[in-house]
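Hi,

Here is the structure I promised to pass on to you. Have a look at it first, and then read on for what I found in it.

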Amino acid sequence: MAKPVKDPLTGAETTGHVWDDDLQEFNNPLPRWWLWTFYATFVFAFVYWVIYPSWPFFGTYTKGIGNSISYKTDAGEEKTTHWNTRALLANELQTGSTAMRQKEYLAKVAAAPYEQIVENTDMSAFVRSYGKGIFGDYCAACHQSGGQGVPGLFPNLVDDDWLWGNSPEQIEYTIVNGRHGFMPAFRETFNDQQLDDVANYVLGLSGLAADPVKASQGELIFKGETGGCYYCHTKDATGMYSQGAANLTDKIWTVANVSPRQSEEKNLAAVKSVIANGIQRQMPAWSSRLNPTEIKVLVAYLKQISGAD
Amino acid sequence: MFKHESVETSSALLVILTLVAISIGGLVEVVPLHYIDDTVEQVNDPETGLEMVRPYTPLELRGRDIYLREGCYTCHSQMIRPFRDEDLRYGHYSLAAESRYDHPFQWGSKRTGPDLARVGGKYSNEWHVAHLKAPRSVVPESIMPNYPWLLEQPLRYADIQERMLALKRVGVPYSLSRLEYEGGTTEEGTPVVGNLETFGPDVAPLLDINQAEANLVAQAETGNYDGDPAHLTEMDALVAYLQMLGTLVDFKKFDEDHFIQAR
(Lines give C-alpha, C1' and ligand atoms only; values in the text may rest on other atoms or scores of the structure.)
Protein backbone atom coordinates (compact mmCIF):
# COMPACT_ATOMS: atom_id res chain seq x y z
CA MET A 1 0.00 0.00 0.00
CA ALA A 2 1.22 3.46 -0.93
CA LYS A 3 2.44 5.83 1.73
CA PRO A 4 -0.16 8.51 2.57
CA VAL A 5 0.45 11.70 0.64
CA LYS A 6 0.43 14.89 2.67
CA ASP A 7 -0.47 18.37 1.58
CA PRO A 8 2.68 20.38 2.13
CA LEU A 9 0.86 23.52 3.25
CA THR A 10 -1.55 22.12 5.86
CA GLY A 11 0.02 18.75 6.56
CA ALA A 12 -3.38 17.07 6.06
CA GLU A 13 -3.62 13.72 4.25
CA THR A 14 -4.75 13.86 0.61
CA THR A 15 -6.02 11.16 -1.75
CA GLY A 16 -2.85 11.47 -3.78
CA HIS A 17 -4.67 12.52 -6.93
CA VAL A 18 -3.40 15.65 -8.66
CA TRP A 19 -5.26 17.51 -11.41
CA ASP A 20 -4.31 20.60 -13.35
CA ASP A 21 -0.79 20.71 -11.90
CA ASP A 22 -1.63 21.37 -8.26
CA LEU A 23 -5.33 20.64 -7.53
CA GLN A 24 -5.54 18.00 -4.81
CA GLU A 25 -8.27 16.36 -2.73
CA PHE A 26 -8.15 16.08 1.08
CA ASN A 27 -8.80 12.63 2.45
CA ASN A 28 -10.65 13.64 5.61
CA PRO A 29 -12.12 10.73 7.55
CA LEU A 30 -15.75 10.88 8.73
CA PRO A 31 -16.12 12.00 12.35
CA ARG A 32 -15.82 9.06 14.71
CA TRP A 33 -19.15 9.70 16.47
CA TRP A 34 -20.93 9.79 13.12
CA LEU A 35 -19.36 6.55 11.93
CA TRP A 36 -20.23 4.68 15.13
CA THR A 37 -23.79 5.98 15.06
CA PHE A 38 -24.00 4.73 11.50
CA TYR A 39 -22.84 1.26 12.56
CA ALA A 40 -25.25 1.36 15.51
CA THR A 41 -28.18 1.77 13.12
CA PHE A 42 -27.09 -1.52 11.47
CA VAL A 43 -27.23 -3.26 14.82
CA PHE A 44 -30.59 -1.66 15.59
CA ALA A 45 -31.99 -2.85 12.27
CA PHE A 46 -30.91 -6.45 12.91
CA VAL A 47 -32.44 -6.46 16.40
CA TYR A 48 -35.64 -4.90 15.05
CA TRP A 49 -35.90 -7.47 12.27
CA VAL A 50 -35.74 -10.27 14.81
CA ILE A 51 -38.26 -8.86 17.27
CA TYR A 52 -40.86 -7.28 14.99
CA PRO A 53 -42.66 -8.49 11.85
CA SER A 54 -40.42 -7.42 9.00
CA TRP A 55 -39.24 -9.41 6.01
CA PRO A 56 -41.81 -10.42 3.40
CA PHE A 57 -41.24 -13.97 2.31
CA PHE A 58 -43.28 -15.38 -0.59
CA GLY A 59 -46.81 -14.75 0.57
CA THR A 60 -45.96 -14.63 4.26
CA TYR A 61 -43.41 -12.79 6.37
CA THR A 62 -41.19 -13.11 9.42
CA LYS A 63 -43.44 -12.50 12.41
CA GLY A 64 -40.99 -11.52 15.12
CA ILE A 65 -39.77 -13.44 18.15
CA GLY A 66 -40.70 -13.09 21.83
CA ASN A 67 -43.13 -10.28 21.21
CA SER A 68 -46.69 -11.58 21.31
CA ILE A 69 -49.93 -9.75 22.16
CA SER A 70 -53.09 -11.06 23.81
CA TYR A 71 -56.53 -9.69 23.12
CA LYS A 72 -60.13 -10.77 23.47
CA THR A 73 -62.38 -11.39 20.49
CA ASP A 74 -65.88 -9.94 20.50
CA ALA A 75 -67.07 -13.37 21.55
CA GLY A 76 -64.85 -13.14 24.63
CA GLU A 77 -62.30 -15.70 23.55
CA GLU A 78 -58.72 -14.92 24.65
CA LYS A 79 -56.27 -14.98 21.74
CA THR A 80 -52.54 -14.47 21.45
CA THR A 81 -50.85 -13.43 18.25
CA HIS A 82 -47.56 -12.05 16.95
CA TRP A 83 -46.94 -8.35 17.47
CA ASN A 84 -49.04 -6.18 15.17
CA THR A 85 -50.63 -2.78 15.54
CA ARG A 86 -54.20 -4.06 15.13
CA ALA A 87 -53.90 -6.51 18.00
CA LEU A 88 -52.04 -3.86 19.98
CA LEU A 89 -54.96 -1.45 19.51
CA ALA A 90 -57.50 -4.09 20.53
CA ASN A 91 -55.41 -4.86 23.59
CA GLU A 92 -55.10 -1.18 24.50
CA LEU A 93 -58.82 -0.51 24.10
CA GLN A 94 -59.61 -3.57 26.22
CA THR A 95 -57.03 -3.35 28.98
CA GLY A 96 -55.18 -0.03 28.67
CA SER A 97 -55.12 2.09 31.83
CA THR A 98 -57.18 4.97 30.38
CA ALA A 99 -59.65 2.58 28.81
CA MET A 100 -60.04 0.71 32.11
CA ARG A 101 -60.70 3.92 34.04
CA GLN A 102 -63.23 5.06 31.46
CA LYS A 103 -64.83 1.64 31.36
CA GLU A 104 -65.53 1.78 35.07
CA TYR A 105 -67.40 5.08 34.68
CA LEU A 106 -69.09 4.08 31.46
CA ALA A 107 -70.49 0.98 33.19
CA LYS A 108 -71.82 3.16 36.01
CA VAL A 109 -73.42 5.61 33.60
CA ALA A 110 -74.90 2.82 31.49
CA ALA A 111 -76.61 1.34 34.54
CA ALA A 112 -77.89 4.55 36.12
CA PRO A 113 -81.08 6.44 35.26
CA TYR A 114 -80.62 10.01 33.99
CA GLU A 115 -81.71 11.73 37.21
CA GLN A 116 -79.05 9.84 39.13
CA ILE A 117 -76.32 10.69 36.59
CA VAL A 118 -77.04 14.39 36.92
CA GLU A 119 -77.19 14.30 40.74
CA ASN A 120 -74.10 12.17 41.30
CA THR A 121 -71.02 14.45 41.32
CA ASP A 122 -68.68 11.73 40.12
CA MET A 123 -70.79 10.63 37.19
CA SER A 124 -71.77 14.12 36.17
CA ALA A 125 -68.12 15.23 36.17
CA PHE A 126 -67.27 12.25 33.96
CA VAL A 127 -70.17 13.01 31.61
CA ARG A 128 -69.07 16.62 31.38
CA SER A 129 -65.58 15.76 30.14
CA TYR A 130 -66.27 12.56 28.18
CA GLY A 131 -69.45 13.99 26.68
CA LYS A 132 -67.63 17.14 25.67
CA GLY A 133 -65.21 15.00 23.66
CA ILE A 134 -67.98 13.15 21.86
CA PHE A 135 -69.91 16.35 21.28
CA GLY A 136 -66.80 18.04 19.87
CA ASP A 137 -66.11 15.16 17.48
CA TYR A 138 -69.59 14.47 16.20
CA CYS A 139 -71.99 17.30 16.99
CA ALA A 140 -70.02 20.55 17.10
CA ALA A 141 -69.51 20.72 13.33
CA CYS A 142 -73.19 21.61 12.94
CA HIS A 143 -74.44 22.60 16.38
CA GLN A 144 -71.21 24.51 17.16
CA SER A 145 -68.91 23.92 20.09
CA GLY A 146 -71.20 25.63 22.59
CA GLY A 147 -74.35 24.01 21.16
CA GLN A 148 -75.59 27.38 19.93
CA GLY A 149 -76.21 26.13 16.37
CA VAL A 150 -76.25 28.18 13.17
CA PRO A 151 -79.38 30.28 12.63
CA GLY A 152 -81.51 28.89 9.83
CA LEU A 153 -79.32 25.83 9.29
CA PHE A 154 -78.63 23.88 12.47
CA PRO A 155 -80.80 24.08 15.61
CA ASN A 156 -79.62 25.76 18.78
CA LEU A 157 -79.39 23.13 21.54
CA VAL A 158 -79.08 25.47 24.51
CA ASP A 159 -82.11 27.74 24.05
CA ASP A 160 -84.62 25.59 25.96
CA ASP A 161 -86.62 25.13 22.78
CA TRP A 162 -86.81 21.59 21.40
CA LEU A 163 -88.17 20.66 18.01
CA TRP A 164 -88.27 16.91 18.54
CA GLY A 165 -88.81 16.70 22.28
CA ASN A 166 -86.75 17.33 25.36
CA SER A 167 -87.13 14.11 27.35
CA PRO A 168 -84.01 11.94 27.51
CA GLU A 169 -85.84 9.25 25.52
CA GLN A 170 -86.78 11.68 22.76
CA ILE A 171 -83.25 13.12 22.55
CA GLU A 172 -81.88 9.59 22.52
CA TYR A 173 -84.20 8.69 19.64
CA THR A 174 -83.08 11.79 17.75
CA ILE A 175 -79.42 10.85 18.09
CA VAL A 176 -79.86 7.16 17.30
CA ASN A 177 -82.06 7.55 14.22
CA GLY A 178 -81.31 11.05 13.05
CA ARG A 179 -84.07 13.43 12.01
CA HIS A 180 -85.45 14.75 8.81
CA GLY A 181 -86.88 18.20 9.43
CA PHE A 182 -89.36 19.07 6.72
CA MET A 183 -91.80 21.87 6.10
CA PRO A 184 -93.40 22.10 2.66
CA ALA A 185 -92.80 25.17 0.50
CA PHE A 186 -95.93 27.29 0.14
CA ARG A 187 -94.84 29.51 -2.72
CA GLU A 188 -97.06 27.59 -5.14
CA THR A 189 -100.02 27.33 -2.72
CA PHE A 190 -100.18 30.91 -1.46
CA ASN A 191 -100.27 34.13 -3.42
CA ASP A 192 -98.23 37.03 -2.13
CA GLN A 193 -101.17 38.44 -0.20
CA GLN A 194 -101.72 35.13 1.60
CA LEU A 195 -98.00 34.81 2.37
CA ASP A 196 -98.11 38.28 3.88
CA ASP A 197 -101.20 37.42 5.96
CA VAL A 198 -99.77 34.22 7.40
CA ALA A 199 -96.42 35.87 8.14
CA ASN A 200 -98.21 38.66 10.00
CA TYR A 201 -100.18 36.12 12.02
CA VAL A 202 -97.02 34.19 12.92
CA LEU A 203 -95.20 37.35 13.99
CA GLY A 204 -98.20 38.39 16.04
CA LEU A 205 -98.06 35.07 17.93
CA SER A 206 -94.77 36.21 19.42
CA GLY A 207 -96.10 39.65 20.25
CA LEU A 208 -94.12 41.27 17.48
CA ALA A 209 -95.72 44.17 15.66
CA ALA A 210 -98.13 42.88 13.06
CA ASP A 211 -100.97 44.26 10.98
CA PRO A 212 -104.10 43.08 12.89
CA VAL A 213 -106.26 42.84 9.76
CA LYS A 214 -103.71 40.81 7.87
CA ALA A 215 -103.01 38.72 10.96
CA SER A 216 -106.67 37.75 11.35
CA GLN A 217 -106.74 36.78 7.66
CA GLY A 218 -103.57 34.79 8.25
CA GLU A 219 -105.14 33.03 11.23
CA LEU A 220 -107.94 31.78 8.99
CA ILE A 221 -105.43 30.38 6.54
CA PHE A 222 -103.30 28.91 9.36
CA LYS A 223 -106.20 27.19 11.07
CA GLY A 224 -108.16 26.41 7.91
CA GLU A 225 -107.70 24.04 5.04
CA THR A 226 -106.12 26.64 2.73
CA GLY A 227 -102.86 26.49 4.62
CA GLY A 228 -103.40 23.54 6.91
CA CYS A 229 -100.49 24.81 9.01
CA TYR A 230 -102.22 23.48 12.11
CA TYR A 231 -101.66 19.86 11.01
CA CYS A 232 -98.16 20.10 12.39
CA HIS A 233 -98.03 23.36 14.35
CA THR A 234 -101.40 22.65 16.09
CA LYS A 235 -104.29 25.12 16.34
CA ASP A 236 -102.60 26.81 19.33
CA ALA A 237 -99.42 27.07 17.21
CA THR A 238 -97.47 25.42 20.01
CA GLY A 239 -95.87 22.90 17.67
CA MET A 240 -95.67 19.14 17.73
CA TYR A 241 -92.65 17.10 18.79
CA SER A 242 -93.62 14.09 16.67
CA GLN A 243 -93.41 16.23 13.49
CA GLY A 244 -90.48 18.33 14.61
CA ALA A 245 -92.82 21.30 14.18
CA ALA A 246 -91.70 24.44 15.99
CA ASN A 247 -93.60 26.13 18.75
CA LEU A 248 -94.46 29.49 17.19
CA THR A 249 -95.62 31.15 20.40
CA ASP A 250 -92.50 30.92 22.55
CA LYS A 251 -90.64 33.89 21.03
CA ILE A 252 -87.72 31.63 20.14
CA TRP A 253 -87.01 31.62 16.43
CA THR A 254 -85.42 28.38 15.31
CA VAL A 255 -85.26 28.90 11.54
CA ALA A 256 -86.32 32.39 10.46
CA ASN A 257 -83.90 35.14 11.35
CA VAL A 258 -86.36 37.20 13.41
CA SER A 259 -85.49 39.49 16.26
CA PRO A 260 -87.36 42.28 18.10
CA ARG A 261 -84.23 44.37 17.59
CA GLN A 262 -84.47 44.48 13.80
CA SER A 263 -86.95 46.31 11.59
CA GLU A 264 -90.49 45.02 11.01
CA GLU A 265 -89.89 44.73 7.26
CA LYS A 266 -86.86 42.54 7.87
CA ASN A 267 -88.74 40.26 10.25
CA LEU A 268 -91.66 40.00 7.87
CA ALA A 269 -89.39 39.19 4.95
CA ALA A 270 -87.60 36.51 7.01
CA VAL A 271 -90.84 34.74 7.99
CA LYS A 272 -92.26 35.01 4.48
CA SER A 273 -89.15 33.47 3.01
CA VAL A 274 -89.40 30.44 5.33
CA ILE A 275 -93.10 29.94 4.52
CA ALA A 276 -92.50 30.35 0.79
CA ASN A 277 -89.44 28.09 0.55
CA GLY A 278 -90.17 25.53 3.22
CA ILE A 279 -87.53 23.72 5.23
CA GLN A 280 -85.38 20.70 4.44
CA ARG A 281 -83.00 19.75 7.21
CA GLN A 282 -81.28 16.50 7.86
CA MET A 283 -79.58 15.25 10.97
CA PRO A 284 -77.54 12.08 10.43
CA ALA A 285 -78.27 8.89 12.39
CA TRP A 286 -75.50 8.07 14.84
CA SER A 287 -76.28 4.51 15.85
CA SER A 288 -73.61 3.14 13.53
CA ARG A 289 -70.88 5.36 14.95
CA LEU A 290 -71.77 5.67 18.63
CA ASN A 291 -72.62 2.79 20.93
CA PRO A 292 -75.63 3.00 23.29
CA THR A 293 -73.50 4.01 26.28
CA GLU A 294 -71.81 6.80 24.35
CA ILE A 295 -75.22 8.04 23.26
CA LYS A 296 -76.38 7.96 26.87
CA VAL A 297 -73.34 10.03 27.90
CA LEU A 298 -74.14 12.45 25.11
CA VAL A 299 -77.76 12.84 26.20
CA ALA A 300 -76.68 13.44 29.79
CA TYR A 301 -74.12 15.98 28.53
CA LEU A 302 -76.83 17.75 26.53
CA LYS A 303 -78.97 17.91 29.65
CA GLN A 304 -76.05 19.53 31.42
CA ILE A 305 -75.34 22.19 28.82
CA SER A 306 -78.93 22.94 27.86
CA GLY A 307 -80.83 22.54 31.08
CA ALA A 308 -83.29 20.19 29.36
CA ASP A 309 -85.83 18.50 31.60
CA MET B 1 -7.74 -4.03 4.45
CA PHE B 2 -10.37 -3.41 1.77
CA LYS B 3 -10.09 0.17 0.56
CA HIS B 4 -12.62 2.12 -1.40
CA GLU B 5 -9.76 3.17 -3.63
CA SER B 6 -9.50 -0.34 -5.07
CA VAL B 7 -13.16 -0.16 -6.15
CA GLU B 8 -12.74 3.26 -7.69
CA THR B 9 -9.69 2.23 -9.67
CA SER B 10 -11.14 -1.01 -11.11
CA SER B 11 -13.96 -0.31 -13.54
CA ALA B 12 -15.04 -3.97 -13.66
CA LEU B 13 -15.40 -4.16 -9.88
CA LEU B 14 -17.18 -0.80 -9.83
CA VAL B 15 -19.73 -1.96 -12.42
CA ILE B 16 -20.40 -5.24 -10.61
CA LEU B 17 -20.79 -3.67 -7.18
CA THR B 18 -23.00 -0.87 -8.57
CA LEU B 19 -25.26 -3.51 -10.12
CA VAL B 20 -25.49 -5.35 -6.81
CA ALA B 21 -26.44 -2.16 -4.95
CA ILE B 22 -29.09 -1.16 -7.49
CA SER B 23 -30.54 -4.69 -7.58
CA ILE B 24 -31.10 -4.70 -3.84
CA GLY B 25 -32.91 -1.38 -4.02
CA GLY B 26 -34.92 -2.55 -7.01
CA LEU B 27 -35.86 -5.91 -5.54
CA VAL B 28 -37.02 -4.38 -2.27
CA GLU B 29 -39.33 -2.09 -4.23
CA VAL B 30 -40.52 -4.46 -6.92
CA VAL B 31 -40.90 -7.90 -5.32
CA PRO B 32 -43.52 -6.89 -2.70
CA LEU B 33 -45.75 -5.60 -5.52
CA HIS B 34 -46.18 -9.18 -6.70
CA TYR B 35 -47.49 -10.19 -3.28
CA ILE B 36 -49.61 -7.12 -2.62
CA ASP B 37 -52.88 -9.06 -2.93
CA ASP B 38 -51.91 -11.04 0.16
CA THR B 39 -51.97 -7.87 2.23
CA VAL B 40 -55.48 -6.85 1.21
CA GLU B 41 -58.15 -8.25 3.52
CA GLN B 42 -61.12 -10.05 2.06
CA VAL B 43 -64.17 -8.08 3.17
CA ASN B 44 -67.25 -10.04 2.12
CA ASP B 45 -70.64 -9.53 3.68
CA PRO B 46 -70.99 -12.48 6.11
CA GLU B 47 -74.66 -12.83 5.18
CA THR B 48 -74.68 -12.48 1.41
CA GLY B 49 -71.05 -13.23 0.58
CA LEU B 50 -70.91 -10.14 -1.65
CA GLU B 51 -67.84 -7.93 -1.70
CA MET B 52 -68.47 -4.88 0.46
CA VAL B 53 -65.83 -2.63 -1.05
CA ARG B 54 -66.94 -1.54 -4.51
CA PRO B 55 -65.45 0.82 -7.09
CA TYR B 56 -66.81 4.37 -7.20
CA THR B 57 -70.09 5.11 -8.94
CA PRO B 58 -69.77 7.55 -11.88
CA LEU B 59 -70.90 10.52 -9.77
CA GLU B 60 -68.57 9.66 -6.90
CA LEU B 61 -65.75 9.20 -9.39
CA ARG B 62 -66.26 12.72 -10.74
CA GLY B 63 -66.38 13.95 -7.14
CA ARG B 64 -63.09 12.25 -6.50
CA ASP B 65 -61.59 13.94 -9.56
CA ILE B 66 -62.65 17.31 -8.14
CA TYR B 67 -61.17 16.33 -4.76
CA LEU B 68 -57.87 15.78 -6.57
CA ARG B 69 -58.19 18.90 -8.72
CA GLU B 70 -58.75 21.14 -5.71
CA GLY B 71 -55.83 19.53 -3.90
CA CYS B 72 -57.85 18.44 -0.87
CA TYR B 73 -55.22 15.73 -0.24
CA THR B 74 -52.59 18.33 0.61
CA CYS B 75 -54.37 19.06 3.89
CA HIS B 76 -56.61 16.03 4.46
CA SER B 77 -55.49 12.43 4.88
CA GLN B 78 -57.68 9.40 4.26
CA MET B 79 -55.94 6.91 6.50
CA ILE B 80 -56.98 6.15 10.06
CA ARG B 81 -54.07 4.43 11.76
CA PRO B 82 -54.65 1.73 14.39
CA PHE B 83 -53.97 4.04 17.34
CA ARG B 84 -56.26 4.62 20.27
CA ASP B 85 -56.62 8.36 19.78
CA GLU B 86 -57.43 7.98 16.08
CA ASP B 87 -59.89 5.16 16.76
CA LEU B 88 -61.70 7.39 19.27
CA ARG B 89 -61.76 10.44 17.03
CA TYR B 90 -62.28 9.06 13.53
CA GLY B 91 -63.62 5.55 13.96
CA HIS B 92 -62.37 2.14 12.90
CA TYR B 93 -58.86 2.08 11.41
CA SER B 94 -58.68 2.02 7.62
CA LEU B 95 -58.38 -1.32 5.87
CA ALA B 96 -56.14 -1.95 2.90
CA ALA B 97 -59.25 -3.22 1.10
CA GLU B 98 -60.92 0.18 1.45
CA SER B 99 -58.50 1.85 -0.93
CA ARG B 100 -58.05 -1.03 -3.34
CA TYR B 101 -59.86 0.79 -6.16
CA ASP B 102 -58.14 4.13 -5.56
CA HIS B 103 -55.75 5.15 -8.33
CA PRO B 104 -53.87 6.89 -6.88
CA PHE B 105 -54.74 6.28 -3.23
CA GLN B 106 -55.58 9.33 -1.12
CA TRP B 107 -53.87 8.35 2.14
CA GLY B 108 -52.16 11.73 2.18
CA SER B 109 -49.16 12.61 4.26
CA LYS B 110 -50.20 15.58 6.35
CA ARG B 111 -53.19 16.56 8.41
CA THR B 112 -53.70 20.28 8.37
CA GLY B 113 -57.40 19.47 8.38
CA PRO B 114 -58.90 16.33 9.89
CA ASP B 115 -58.73 12.85 8.39
CA LEU B 116 -61.57 12.16 5.97
CA ALA B 117 -61.39 8.38 5.66
CA ARG B 118 -64.73 7.97 7.48
CA VAL B 119 -66.36 11.33 6.93
CA GLY B 120 -69.20 9.72 4.93
CA GLY B 121 -72.55 10.12 6.69
CA LYS B 122 -70.98 12.03 9.55
CA TYR B 123 -72.47 15.36 8.51
CA SER B 124 -75.55 16.24 6.50
CA ASN B 125 -75.42 17.33 2.85
CA GLU B 126 -76.47 20.85 3.88
CA TRP B 127 -73.51 21.01 6.23
CA HIS B 128 -71.09 19.99 3.49
CA VAL B 129 -72.50 22.57 1.09
CA ALA B 130 -72.35 25.36 3.68
CA HIS B 131 -68.89 24.25 4.76
CA LEU B 132 -67.36 23.96 1.29
CA LYS B 133 -68.82 27.31 0.28
CA ALA B 134 -67.62 29.13 3.38
CA PRO B 135 -65.98 26.90 6.02
CA ARG B 136 -66.01 29.58 8.71
CA SER B 137 -69.79 29.87 8.55
CA VAL B 138 -70.01 26.55 10.38
CA VAL B 139 -66.53 26.07 11.89
CA PRO B 140 -65.41 29.50 13.12
CA GLU B 141 -61.83 28.45 13.83
CA SER B 142 -61.31 26.76 10.44
CA ILE B 143 -58.45 27.83 8.18
CA MET B 144 -59.81 25.98 5.13
CA PRO B 145 -60.16 28.06 1.95
CA ASN B 146 -63.60 28.83 0.48
CA TYR B 147 -64.71 26.82 -2.55
CA PRO B 148 -67.76 28.82 -3.70
CA TRP B 149 -67.33 27.97 -7.39
CA LEU B 150 -68.26 24.34 -6.76
CA LEU B 151 -71.90 25.42 -6.46
CA GLU B 152 -71.75 27.49 -9.61
CA GLN B 153 -69.82 25.31 -12.03
CA PRO B 154 -71.94 22.77 -13.87
CA LEU B 155 -70.54 19.27 -13.62
CA ARG B 156 -68.94 18.13 -16.86
CA TYR B 157 -69.42 14.44 -17.38
CA ALA B 158 -69.33 13.90 -21.14
CA ASP B 159 -66.08 11.95 -20.71
CA ILE B 160 -67.23 9.80 -17.80
CA GLN B 161 -67.01 6.59 -19.85
CA GLU B 162 -63.40 7.32 -20.83
CA ARG B 163 -62.54 7.99 -17.21
CA MET B 164 -64.00 4.64 -16.19
CA LEU B 165 -62.26 2.88 -19.06
CA ALA B 166 -58.93 4.30 -17.94
CA LEU B 167 -59.47 2.93 -14.44
CA LYS B 168 -60.64 -0.39 -15.85
CA ARG B 169 -57.32 -0.63 -17.65
CA VAL B 170 -55.45 -0.47 -14.33
CA GLY B 171 -57.62 -3.15 -12.76
CA VAL B 172 -60.79 -1.53 -11.43
CA PRO B 173 -63.63 -3.97 -12.21
CA TYR B 174 -65.97 -1.69 -14.15
CA SER B 175 -67.89 -3.83 -16.61
CA LEU B 176 -67.95 -3.15 -20.34
CA SER B 177 -69.10 -6.42 -21.88
CA ARG B 178 -72.06 -8.59 -21.01
CA LEU B 179 -69.64 -11.26 -19.83
CA GLU B 180 -67.99 -8.92 -17.34
CA TYR B 181 -71.40 -7.89 -16.08
CA GLU B 182 -73.17 -11.24 -15.85
CA GLY B 183 -70.29 -13.68 -15.74
CA GLY B 184 -70.09 -16.94 -17.66
CA THR B 185 -67.42 -18.53 -19.83
CA THR B 186 -65.33 -17.02 -22.60
CA GLU B 187 -65.18 -18.55 -26.08
CA GLU B 188 -62.01 -20.35 -25.01
CA GLY B 189 -63.92 -21.80 -22.08
CA THR B 190 -62.32 -19.78 -19.27
CA PRO B 191 -64.83 -19.09 -16.52
CA VAL B 192 -65.41 -15.39 -15.76
CA VAL B 193 -66.95 -14.09 -12.53
CA GLY B 194 -69.26 -11.21 -13.35
CA ASN B 195 -69.94 -8.10 -11.30
CA LEU B 196 -73.44 -9.37 -10.70
CA GLU B 197 -72.01 -12.22 -8.66
CA THR B 198 -69.20 -10.24 -7.02
CA PHE B 199 -71.10 -7.12 -6.01
CA GLY B 200 -74.75 -8.16 -6.25
CA PRO B 201 -77.65 -6.86 -8.35
CA ASP B 202 -77.86 -3.53 -6.48
CA VAL B 203 -74.29 -2.49 -7.12
CA ALA B 204 -73.39 -4.16 -10.41
CA PRO B 205 -75.46 -1.82 -12.64
CA LEU B 206 -73.66 1.19 -11.12
CA LEU B 207 -70.34 -0.23 -12.30
CA ASP B 208 -71.50 -0.70 -15.87
CA ILE B 209 -69.64 1.68 -18.16
CA ASN B 210 -72.43 1.59 -20.76
CA GLN B 211 -74.93 3.07 -18.27
CA ALA B 212 -72.48 5.54 -16.76
CA GLU B 213 -74.10 8.79 -17.82
CA ALA B 214 -77.61 7.72 -16.89
CA ASN B 215 -76.37 6.43 -13.52
CA LEU B 216 -74.52 9.66 -12.82
CA VAL B 217 -77.55 11.84 -13.50
CA ALA B 218 -79.90 9.54 -11.60
CA GLN B 219 -77.70 9.48 -8.49
CA ALA B 220 -77.37 13.26 -8.49
CA GLU B 221 -81.13 13.66 -8.84
CA THR B 222 -82.08 11.22 -6.08
CA GLY B 223 -79.27 12.31 -3.79
CA ASN B 224 -79.88 16.05 -4.27
CA TYR B 225 -76.48 16.62 -2.66
CA ASP B 226 -76.19 20.36 -3.22
CA GLY B 227 -79.80 21.19 -2.30
CA ASP B 228 -80.55 22.43 -5.82
CA PRO B 229 -82.22 19.65 -7.84
CA ALA B 230 -82.43 21.84 -10.94
CA HIS B 231 -78.68 22.03 -11.55
CA LEU B 232 -76.06 19.32 -11.66
CA THR B 233 -73.02 21.06 -10.21
CA GLU B 234 -69.54 20.06 -9.13
CA MET B 235 -70.81 20.38 -5.58
CA ASP B 236 -73.19 17.44 -6.22
CA ALA B 237 -70.28 15.23 -7.24
CA LEU B 238 -67.91 16.24 -4.45
CA VAL B 239 -70.52 15.86 -1.70
CA ALA B 240 -71.59 12.48 -3.14
CA TYR B 241 -67.95 11.38 -2.93
CA LEU B 242 -67.46 12.70 0.62
CA GLN B 243 -70.70 11.09 1.79
CA MET B 244 -69.55 7.59 0.76
CA LEU B 245 -66.03 7.76 2.18
CA GLY B 246 -65.48 4.95 4.64
CA THR B 247 -69.09 3.77 4.58
CA LEU B 248 -68.69 0.64 2.44
CA VAL B 249 -67.57 -1.76 5.17
CA ASP B 250 -70.13 -2.36 7.90
CA PHE B 251 -67.87 -3.18 10.84
CA LYS B 252 -70.83 -4.28 12.95
CA LYS B 253 -71.03 -7.41 10.84
CA PHE B 254 -67.50 -8.51 11.73
CA ASP B 255 -65.76 -9.70 14.84
CA GLU B 256 -62.73 -7.43 15.28
CA ASP B 257 -60.72 -10.64 15.34
CA HIS B 258 -61.38 -11.03 11.60
CA PHE B 259 -59.21 -8.03 10.80
CA ILE B 260 -56.52 -8.85 13.35
CA GLN B 261 -56.20 -12.30 11.81
CA ALA B 262 -55.51 -10.63 8.46
CA ARG B 263 -52.22 -9.33 9.91
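Which residues touch the most other members of the largest nonpolar core? They are Val127(A), Val297(A), Leu298(A) and Leu238(B), in a core of 75 residues. The biggest contribution to this core comes from helix 5 (residues 121-143) of chain A, which supplies nine residues. There is also a second, separate core, made up of 27 residues, with Phe222(A), Trp253(A), Ala256(A) and Leu268(A) among them. As background, nonpolar side chains tend to be buried together in soluble globular proteins.

Before going further, please keep in mind that this is a predicted model. Its scores are ipTM 0.85 and pTM 0.86. For chain B the average pLDDT is 93, and 99% of the residues score at least 70.

Back to Val127(A) for a moment. If you set aside its neighbours within four places in sequence, Val127(A) is in contact with Val109(A), Ile117(A), Val297(A), Ala300(A), Tyr301(A) and Gln304(A).

Now for chain A as a whole. Its secondary structure consists of 11 helices and nine strands. The radius of gyration of chain A is 35 Å, whereas a compact globule of 309 residues would be near 19 Å. Along the principal axes, the C-alpha atoms of chain A fill a box of roughly 115 × 65 × 45 Å. Buried residues make up 25% of the 309 in chain A. Taking the contacts in chain A between residues at least 6 apart in sequence, 46% join residues at least 24 apart.

Chain A also has an open sheet of three strands, with the order 1-2-3 and antiparallel pairing. Strand 1 (5-6) and strand 3 (23-26) of chain A are at the edges with a single partner strand each, so one side of each has no neighbour in the sheet. Strand 1 of chain A is joined by two bridges to strand 2 (residues 13-19) of chain A. Within strand 2 of chain A, Thr14(A) is the residue opposite Val5(A).

How do the two chains meet? The contact draws 28 residues from chain A and 28 residues from chain B. On the side of chain B that touches chain A, helix 4 (84-90), helix 5 (125-133) and helix 12 (256-261) of chain B each give two or more residues. That side of chain B divides into 12 nonpolar, 11 charged and five polar residues.

Do look at helix 11 (residues 234-244) of chain B as well. It is largely enclosed by the rest of the structure, because 10 of its 11 residues are buried. Leu238(B) is one of the buried residues of helix 11 of chain B. Among the elements that cover them are helix 3 (58-69), helix 5, helix 6 (149-152) and helix 10 (212-223) of chain B. Just after helix 11 of chain B, Gly246(B) takes a positive phi of about 75°.

Finally, a few backbone details. Most residues other than glycine have a negative phi, and most peptide bonds are trans. The peptide bond from His103(B) to Pro104(B) is cis, with omega near -5°, and Pro104(B) lies in the loop between helix 4 and helix 5 of chain B. Gln144(A) is not a glycine but has a positive phi of about 70°; Gln144(A) is in the loop between helix 5 and helix 6 (168-177) of chain A. Ala237(A), also not a glycine, has a positive phi of about 60°. Ala237(A) is buried, with 21 other C-beta atoms within 10 Å, while Gln144(A) counts as partly exposed with 18 C-beta neighbours inside 10 Å.

Enjoy exploring it!

How values were computed
Residues are numbered from 1 along each chain as its sequence is written. Chains are lettered from A and ligands numbered from 1 in the order in which they are written. This is a predicted model: local features need pLDDT of at least 70, side-chain atom pairs count only at pLDDT 80 or more; totals for chains, interfaces and linings use all residues. A nonpolar core is a set of buried Ala, Val, Leu, Ile, Met, Phe, Trp, Tyr and Cys residues joined through C-beta atoms within 7 Å. A residue is buried if 20 or more other C-beta atoms lie within 10 Å of its own, exposed if 12 or fewer, and partly exposed in between; C-beta atoms are placed from the backbone. Helices (H or I, at least four residues) and strands (E, at least two) are DSSP runs, numbered from the N terminus. Two residues are in contact if their C-beta atoms, placed from the backbone, lie within 7 Å. The radius of gyration is taken over C-alpha atoms; the globule rule is 2.2 Å times the number of residues to the power 0.38. Ala, Val, Leu, Ile, Met, Phe, Trp, Tyr, Cys and Pro count as nonpolar, Asp, Glu, Lys and Arg as charged, and the others, Gly among them, as polar. Two strands pair if DSSP finds at least two bridges between them. pLDDT is the predictor's confidence in each residue, from 0 to 100.
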